[in-house]
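Please consult the sequence and the model shown here while reading.

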Amino acid sequence: MSKRINIVLPDKTVAVLDRLAAKGARSRFIDQAVLHFVAEQGRHTLRDQLKAGYRANAERDLSITAEWFPLEEEAWRTSEAARVPKKTKTKRT
């Protein structure tokens with residue numbers, strides 16, 4: 001379903017619209033442009049919120065990392081040691 005609305009645009013905007021939209025396709029072009037703009041704004045807003053969260057929690061995250069580092073280092077060494085094949089003694093005849 002569609003709804004007819006009246007909007008006022010600056011002359012420069014109408015000139016750009018006329019250059020880019022085929023005759024009779026203004027509504028479709030404006031619809032796509034608005035939806036694209038809203039999606040981009042949503043992405044930028046989410047990105048900004050994520051950055052703020054990362055910054056707010058950075059000190060806590062570094063503290064947790066430092067706390068767990070020795071345990072992870074030990075686990076890494078253990079797993080690496082398990083991967084290295086042990087030399088077997090061969091019988092010489």
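## The E80–R83 pair

In this predicted model, E80 is partly exposed, with a relative accessibility of 28%. The side chain of E80 forms a salt bridge with that of R83, at an N to O distance of 3.2 Å. R83 counts as exposed, at 64% relative accessibility.

E80 and R83 are three residues apart in helix 2, a separation of about one helical turn.

## The R77–E73 pair

A salt bridge also joins the side chains of R77 and E73, with 3.5 Å from N to O. These two residues belong to helix 2 and lie four residues apart, which again corresponds to about one turn.

R77 has a relative accessible area of 55% and is exposed, whereas E73, at 27%, is partly exposed.

## The E40–R43 pair

Helix 2 spans residues 26–83 and contains both E40 and R43, which are three residues apart, or about one turn of the helix. Their side chains meet in a salt bridge with an N to O distance of 2.6 Å.

E40 is partly exposed at 27% relative accessibility. R43 is likewise partly exposed, with a relative accessible area of 43%.

## Salt bridges in the model

The structure holds five salt bridges, among them E80–R83, R77–E73 and E40–R43. In general, side chains of opposite charge can pair when their charged atoms come close.

Technical notes
Residues numbered from 1 in each chain as written. Predicted model: local features only at pLDDT ≥ 70, side-chain atom pairs only at ≥ 80, totals over all residues. Heavy atoms only, no water. Salt bridge = Lys/Arg side-chain N within 4 Å of Asp/Glu carboxyl O. Buried < 20%, exposed > 50% of the residue type's maximum accessible area, 1.4 Å probe, protein only.
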